[in-house]
Amino acid sequence: MSVSRPRHRPRRRRGEAPIRNIDHVERHADGGQTSAENLQGLCERCNQAKEALGWRARPGPDGSIITTTPTGHVYTSPPPDTWAQHPPPLSRAELILRNVLLDHDVAV
């Protein structure tokens with residue numbers, strides 16, 4: 001499995017630490033499945049925090065992660081847009097080559 005995230009940053013909005021752990025969103029001990037939908041990349045601090053007593057996380061239906069703190073506050077982390085597979089833009093040389101090939105096809 002590959003993890004594609006911008007600059008390898010954790011999921012939380014202000015996260016600046018690099019991803020160090022790939023872990024279950026819903027803990028395996030609590031019945032969470034080992035599947036792509038139930039995995040997330042976390043920095044060490046966030047991974048340790050979510051394992052602390054009273055914290056709970058679960059995957060949302062849209063790929064988000066819903067985290068409940070020990071005080072009952074609920075936070076939703078939306079799925080990163082970068083998970084979608086977008087081809088990189090063509091370079092100038094690739095655009096020229098594409099146009100040459102298209103012109104050649106039209107001429108034949």
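Leaving aside its neighbours within four places in sequence, Asp23 is in contact (heavy atoms within 4.5 Å) with Asn38, Leu39, Gln40, Asn47, Lys50 and Glu51. The structure is a predicted model, in which local features need pLDDT of at least 70 and side-chain atom pairs count only at pLDDT 80 or more, while totals for chains, interfaces and linings use all residues. Residues are numbered from 1 along each chain as its sequence is written, and side-chain values use heavy atoms, with hydrogens and water left out.

Asp23 is part of strand E1; helices (H or I, at least four residues) and strands (E, at least two) are taken as DSSP runs and numbered from the N terminus. With a relative accessible area of 16%, Asp23 is buried, a term that denotes under 20% relative accessible area, as against over 50% for exposed and values in between for partly exposed (1.4 Å probe, protein chains only). The side chain of Asp23 also forms a polar contact with the side chain of Lys50, at 3.4 Å. A polar contact is a pair of N or O atoms within 3.5 Å; within protein, one must be able to donate a hydrogen and the other to accept it, and residues adjacent in sequence count only if both atoms are side-chain atoms. Asn47 lies 24 residues from Asp23 along the chain, and the C-alpha atoms of the two are separated by 7.7 Å.

Strand E1 (residues 21-24) pairs with E2 in the antiparallel sense over four bridges, where pairing requires that DSSP find at least two bridges between two strands. Within this pair, His24 has Leu39 of E2 as its bridge partner. Along strand E2 (residues 39-42), Leu39 and Gly41 point one way and Gln40 and Leu42 the other way, and all are buried.

The protein as a whole contains two helices and five strands, which follow the pattern β-β-α-β-β-β-α along the sequence. Of its 108 residues, 25% are buried. Among contacts between residues at least 6 apart in sequence, 34% join residues at least 24 apart. The accessible surface comes to about 8,300 Å², and carbon and sulfur atoms account for 55% of this area; accessible areas come from the Shrake-Rupley method with a 1.4 Å probe, and for residues only the protein chains shown count as cover.

Strands of a sheet pair through backbone hydrogen bonds, either parallel or antiparallel. An open sheet of three strands is present in the order E3-E4-E5, with antiparallel pairing. Its edge strands are E3 and E5, each of which pairs on one side only. On average, neighbouring strands of this sheet are turned by 20 degrees against each other, direction ignored; axes are lines fitted to C-alpha atoms, for helices over the stretch in contact, and angles run from 0 to 180 degrees between N-to-C directions.

Strand E3 (residues 56-59) is joined to strand E4 (residues 65-68) by four bridges, and Arg58 stands opposite Ile66 in E4. The hairpin of E3 and E4 has five residues between the strands, and Gly63 there adopts a positive phi near 95 degrees. Four bridges likewise join E4 to strand E5 (residues 74-77) in an antiparallel arrangement, with Thr67 opposite Tyr75 in E5. In the hairpin of E4 and E5, which has five residues between the strands, Gly72 takes a positive phi near 95 degrees.

A disulfide is a covalent bond between the sulfur atoms of two cysteines. The structure holds zero disulfides, a disulfide being counted as a pair of cysteine sulfur atoms within 2.5 Å. The cysteine sulfur closest to that of Cys43 belongs to Cys46 and lies 3.5 Å away, too far for a bond. Cys43 is buried, with a relative accessible area of 3%, and Cys46 likewise counts as buried, at 16% relative accessibility.
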